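This report covers a helix crossing and a set of aromatic ring pairs. The structure is shown first.

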Amino acid sequence: MLKLFKIEAQKYRGLPIFRLLLVSLIVSLLFSCIQIFDSKTSADLASVVKVYQVWDAVAFVKVIIQPVILASLVSIGVQLENRHKMWKVLASSGMDYKSIYTVKFIYTYGAYLIMQVLEWLLTLALIKWRGYTVSLPIGRLVLYGLSILGISAVIMLIHYILSLKWANQLISLSVAVLASLMSVIMIFISKATMYVIPYTWYAFLIASQPEKVGDKFIYRIAAFDYYPLIASIILGLVLYQVGKRVKIGD
């Protein structure tokens, strides 16, 4: 298995994996900065709602861009093997498909994980630098982070299976683009539908909810929704096992 990881690392040299992830990181930071630097008074800096809105902005932008980023990552990885029928070459050299499948997913997800953790650290650093005085809700942030990682794993596995099943990588990428567009629409018109569309699950993590009081809107913090965390763990395990049995497309 270690040998496979070394081979995988060599194959990814020169590919735009981290550049693609860097684009995702920059976009997420731009959206979080809009919220971070929107606070202009000491009351804003002491408001826990303002802190939640930073993470809410990131969760929303992930609905828009994350599926395309993740689909692109797995497409690049699978395309490496599709060239010159490398799946058959690797299999003929004594490496079974399940091991190759596992290593490729772990390597790709690991690259995403590194960039995701960096994004969170930079966001926290910006919040601290801006001068927020409110205590960060650590427990909730941990649950938020685990949910993001779980949802991203599910989406990555969906597109991993699509990329393996069909050699034409435009199929997987097209599904990602359409899913992102549909997810944005579903967020505003049908919460019930969101439960069965993994691409929308990031939106369940949005904590600050507007509530009309008199002539004004105030924001309240909704209770944490465990659904995306639990559902992503279950569905992720199922998809991972399904992927091991996919017949590689021509």
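In this predicted model, helix 6 and helix 7 cross in a right-handed sense. Helix 6 spans residues 97–130 and helix 7 spans residues 138–165; their axes come within 10 Å and cross at roughly 145°. On the helix 6 side, the contact residues include Tyr97, Ile100, Tyr101, Lys104, Phe105, Tyr109, Tyr112 and Trp120. Helix 7 contributes, among others, Leu141, Tyr144, Gly145, Ile148, Ala153, Met156 and Tyr160. By class, this contact has 18 nonpolar, five polar and one charged residues.

Some of these residues also take part in ring pairing: Tyr101, Phe105, Tyr109, Tyr112, Tyr160 and Tyr240 are linked by ring pairs into a cluster.

The structure holds 14 aromatic pairs. Two of them are tabulated here.

| Pair | Centre to centre | Angle between planes | Geometry |
|---|---|---|---|
| Phe60 and Phe188 | 6.4 Å | 65° | edge-to-face |
| Phe224 and Tyr226 | 5.0 Å | 80° | edge-to-face |

What parts of the chain does the pair of Phe60 and Phe188 tie together? Phe60 lies in helix 4 (residues 48–82) and Phe188 in helix 8 (residues 169–189), so the pair joins parts that are 128 residues apart in sequence. Phe60 is partly exposed, with a relative accessible area of 24%, whereas Phe188 is exposed, at 63%.

Tyr226 has a relative accessible area of 44% and is partly exposed.

Notes. Residues numbered from 1 in each chain as written. Predicted model: local features only at pLDDT ≥ 70, side-chain atom pairs only at ≥ 80, totals over all residues. Heavy atoms only, no water. Axes fitted to C-alpha atoms, helices over the stretch in contact; angles between N-to-C directions. Helix = DSSP H or I, 4+ residues; strand = E, 2+ residues; numbered from the N terminus. Left-handed = near helix turned anticlockwise from the far one by under 90°. Contact = heavy atoms within 4.5 Å. Nonpolar A, V, L, I, M, F, W, Y, C, P; charged D, E, K, R; others polar. Phe/Tyr/Trp six-rings, centres within 6.5 Å; stacked < 30°, edge-to-face > 60°. Buried < 20%, exposed > 50% of the residue type's maximum accessible area, 1.4 Å probe, protein only.
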